[in-house]
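Here is a short report for someone meeting this structure for the first time. Please look at the sequence and the model before reading on.

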Amino acid sequence: MSLHCTIFLNTFQPGKKYAVIGHNGSGKSTLFRAIMKYVTLSNGKIELGTQNVREYDTSEEMIDVCQDEHMFAASFGKNVSLFGTYSRDRLPEIERTLQSDMIRTVQSSSDCTTLSGGQQQYVHLVRLLLSDCPIMLLDEPFSAMDKANRDLLQQKLLSLPNKTLLVITHDLSTEHLSMYDEVLILKDGNLCFAGNPKEAVSEIQKFL
């Protein structure tokens with residue numbers, strides 16, 4: 001099921017991975033909040049398939065991880081499952097997929113609010129995958145991690161089949177952007193460019 005944002009005149013195709021870039025205040029986070037129905041658009045609309053997202057429950061279709069994602073003063077298991085909202089049956093499979101050395105520390109935590117920033121981001125990623133939603137929105141999901149874990153986890157996440165990912169990133173390197181199917185460049189609330197990573201690298205300086 002495709003996600004269509006008419007306010008930005010862009011359709012996100014199932015299973016594709018999108019990098020969303022732009023300077024501070026360009027509208028990246030606002031776009032995500034609008035898709036997730038945290039804010040109401042003054043014009044335009046967002047459709048999932050052919051239906052306006054505001055007209056039905058999208059909780060099983062979309063999930064997001066924002067920079068100020070809440071962490072509960074509870075165990076790893078309770079945090080990733082949202083106190084039983086998501087089944088923990090797939091947890092061993094997800095942990096094997098991510099293969100991060102962080103898992104030993106976070107698994108044993110009885111209060112995840114005491115974890116480091118990078119470890120908390122890892123918990124949020126596990127929660128994201130445990131939800132198994134087909135559309136995932138991530139706002140700088142690896143910003144607090146060390147380079148080794150950041151490189152490993154973003155590679156794992158972007159290789160997931162059958163998941164549509166929209167990722168806000170400030171890493172504009174050719175190596176990083178080449179991991180995505182398409183790059184979107186936003187400026188002053190407008191979509192200035194949408195194209196493949198190779199084209200995006202040559203366009204970045206025009207808008208950023």
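Where is the place of Val-39? Val-39 sits in the loop between α1 (28–35) and β4 (46–48). The model is a predicted one.

Neighbours within four places in sequence are set aside for the next point. Beyond them, Val-39 is in contact with Thr-30, Arg-33, Ala-34 and Arg-54.

## The whole protein

The protein has eight helices and ten strands. Its C-alpha trace spans about 45 × 40 × 30 Å along the principal axes. A compact globule with 208 residues would have a radius of gyration near 17 Å. The protein has 17 Å, which agrees.

Of the 208 residues, 48% are buried. Contacts reach along the chain as well. Take those between residues at least 6 apart in sequence: 66% of them join residues at least 24 apart.

## The six-stranded sheet

Six strands form an open sheet in the order β6-β7-β8-β3-β9-β10. Its pairing is mixed. β6 and β10 stand at the edges. Each has a single partner strand, so one side of each is left without a neighbour in the sheet. On average, neighbouring strands of this sheet are turned by 15° against each other, direction ignored.

Strands of a sheet pair through backbone hydrogen bonds, either parallel or antiparallel. Here, β9 (182–187) and β10 (190–195) pair in the antiparallel sense over five bridges. Leu-186 stands opposite Leu-191 in β10.

Why is strand β7 described as largely enclosed by the rest of the structure? Five of the five residues of β7 (residues 135–139) are buried, so the strand is largely enclosed. Buried here means under 20% relative accessible area.

In a regular strand the side chains alternate between the two faces of the sheet. In β7, Ile-135, Leu-137 and Asp-139 point one way. Met-136 and Leu-138 point the other way.

β7 has parallel pairings with two strands. Strand β6 (residues 62–65) pairs with β7 in the parallel sense over four bridges. Val-65 stands opposite Leu-138 in that pairing. Strand β8 (residues 164–168) also pairs with β7 in the parallel sense, over five bridges. There, Leu-137 stands opposite Leu-166.

Helix α5 (residues 117–131) lies across β6 and β7 and runs at about 180° to β6.

## Two aromatic pairs

How many aromatic pairs does the structure hold? It holds two. Phe-12 and Tyr-18 form an edge-to-face pair, with 4.9 Å centre to centre and 90° between the planes. Phe-12 and Tyr-18 are both buried.

The rings of Phe-72 and Phe-83 have their centres 5.1 Å apart and their planes at 85°. That angle is over 60 degrees, so this pair too is edge-to-face. The pair links distant parts of the chain, eleven residues apart. Phe-72 is in the loop between β6 and α2 (76–80). Phe-83 is in the loop between α2 and α3 (91–98). Phe-72 counts as partly exposed at 27% relative accessibility. Phe-83 also counts as partly exposed, at 49%.

## Two residues with positive phi

Which loop holds Leu-82? Leu-82 lies in the loop between α2 and α3. Its phi is near 50°, a positive value in a residue other than glycine. Leu-82 is partly exposed, with a relative accessible area of 23%.

Asp-188 has a positive phi of about 50° although it is not a glycine. Asp-188 lies in the loop between β9 and β10. Is Asp-188 buried or exposed? Asp-188 is exposed, with a relative accessible area of 56%.

Definitions and conventions. Residues are numbered from 1 along each chain as its sequence is written. This is a predicted model: local features need pLDDT of at least 70, side-chain atom pairs count only at pLDDT 80 or more; totals for chains, interfaces and linings use all residues. Side-chain values use heavy atoms; hydrogens and water are left out. Buried means under 20% relative accessible area, exposed over 50%, partly exposed in between (1.4 Å probe, protein chains only). Two strands pair if DSSP finds at least two bridges between them. Contact means heavy atoms within 4.5 Å. Rings of Phe, Tyr and Trp (its six-membered ring) pair if their centres lie within 6.5 Å; planes under 30 degrees apart count as stacked, over 60 as edge-to-face and the rest as tilted. Axes are lines fitted to C-alpha atoms, for helices over the stretch in contact, and angles run from 0 to 180 degrees between N-to-C directions. The radius of gyration is taken over C-alpha atoms; the globule rule is 2.2 Å times the number of residues to the power 0.38.
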